[in-house]
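Colleague: Could you take a close look at one part of this model for me, the aromatic pairs? I'm new to this, so please spell out the terms as you go.

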Amino acid sequence: MPKHQRISIKWMTLFLAGMTAGCGFQTYQPKPLQPEKLASNYLAHDPNSPAFREFLITSGYPEAQIPIQHWGLRELTLSALYFHPQFNVARAQWRAAVAGEISAGQRPIPGISGDLEKHSNTDGGVSPWTYGLSIDIPVETAGKRQARIDRAVSLSEAARIDIAQTAWQVRSRLFNSLIDYQNSVALTEILQKEVDLRSEIVAMLQARLEAGMISSIELSNARLLLLKAQQALSSEQNNLPALKVALASNAGLSLETLNQLTLDRLAINDHALAFDAQTSADMQQTALLNRLDIRAALARYAAAEAKLRLEISKQYPDVTLSPGYSYDQGDNIWSLGINTLLTFINKNKGLIEESRALREVEAAQFEVLQANVLTNLAQAKASYQAAYTTLNQAEKLEKDSEARTSQIQKQFDSGYADRLEFATSKLENLLATQNIINVEYTSLRATAALEDVLQKPISDTNTVPDNIETLTQKPTTPNTP
């Protein structure tokens, strides 16, 4: 074999070996799911762990109040934001979208090809070997790569906002479950007092019936009201365990862990809001601009724009340059090939129209979303104002009832009212208090509905961290898989 031929083969071999050796290949690492371990990790969520303490401080919680002694809405929300497994799904989807940015930014991969032939005719001492090597170098045109990157970045931003959307949904479920649980606790207490009072009244009426002072109808009516109160108490007592389990689940904790915490009662006055023209205008501005689903919809529209730009750029063909070398029976041949597609035949009309239509779909959906937000805001404001108006009326009735009970107690102490009359007045006051509990429940539910429309707490702005970056970080704790 001639010397120059051996050198050429050597360089070709070294080139191919260098390309192969220079590739840092990744290896597959299996990661099977372990249901038993995942379940034990969930049950082991510890609100006193050092990792959760670090999360509290990062989220702006006062370090002097750690460890937490009294758990209210804010504390339970932070627990949910840290421990709830739903965030793992949102974070994983966001990381997948970020990986899409890497894929979108990658340039076309060059190709390499070679051939080797041996001829049967070796007359004249000519080498029977023919070999060649060529490289295909794709060249993208018309800004296709940038359009792909812009689309991937917009989709990644939408996925990042979805993490905060998940945070709000978790907080919303927690708030409602806390309202339900604490209302059930309050109703159980007040119904127990009602049953006790009605039992006393039935006993006094029974004594009066035996003395011939009343008819049996009065006693029967009292017994029916006692039975109704007992049934309501039993029903509320049966609902209470399920409501507490729901509260623990929404807080990302096991029931056993929640039972060890001291829960604070929601203060209704903390959620009262006086409406005026400026407040209404601020609410509308917040609903239209602050809502996370609106921000995510804007990101998806930007992705649709980039998609359309990409399809339009595909009207212009990419070019593949193919420089090559071949040795053909003693001849050294250098070549340069150019390859492209004849895109002018259809000019990518189908995908362009499809992308344009999808952009219009995103725009129409955004308009519907804004219209629904405005409608829901108006309904939520009306329900909120009606609930708190009813609450003010109920509080006035309770004060009047307390005044009458106080007056009858003075008469009872002075001997001008009997025990049955005094017990009946206390029952009336108890029923007024029970009405307050029911109206407070309606008011807090209306508050939760209004906050859901705004996607912002009315009173406690630190309930949900404003920094989405805090939420995108995976918790560094062995309790979270």
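Modeller: Let's start with Phe55 and Tyr82: both are buried, where buried means under 20% relative accessible area, exposed means over 50%, and partly exposed is in between (1.4 Å probe, protein chains only). Keep in mind that this is a predicted model, where local features need pLDDT of at least 70 and side-chain atom pairs count only at pLDDT 80 or more, while totals for chains, interfaces and linings use all residues. Residues are numbered from 1 along each chain as its sequence is written, and side-chain values use heavy atoms, with hydrogens and water left out.

Searching the whole structure turns up eight aromatic pairs. Rings of Phe, Tyr and Trp (its six-membered ring) pair if their centres lie within 6.5 Å; planes under 30 degrees apart are stacked, over 60 edge-to-face, and the rest tilted. Phe55 and Tyr82 make a tilted pair, with 5.1 Å centre to centre and 40° between the planes. Phe55 sits in helix H3 (residues 50-58) and Tyr82 in helix H4 (residues 73-83), so this pair ties together parts 27 residues apart in sequence. Helices here are DSSP runs (H or I, at least four residues), and strands are too (E, at least two), numbered from the N terminus. Phe55 and Tyr82 also belong to one aromatic cluster with Phe52 and Phe83.

Now for another pair: Tyr384 and Tyr388 are tilted too, at 4.5 Å centre to centre with 40° between the planes. Both lie in helix H11 (residues 349-414), four residues apart, or about one turn of the helix. Tyr384 is buried, and Tyr388 is as well.
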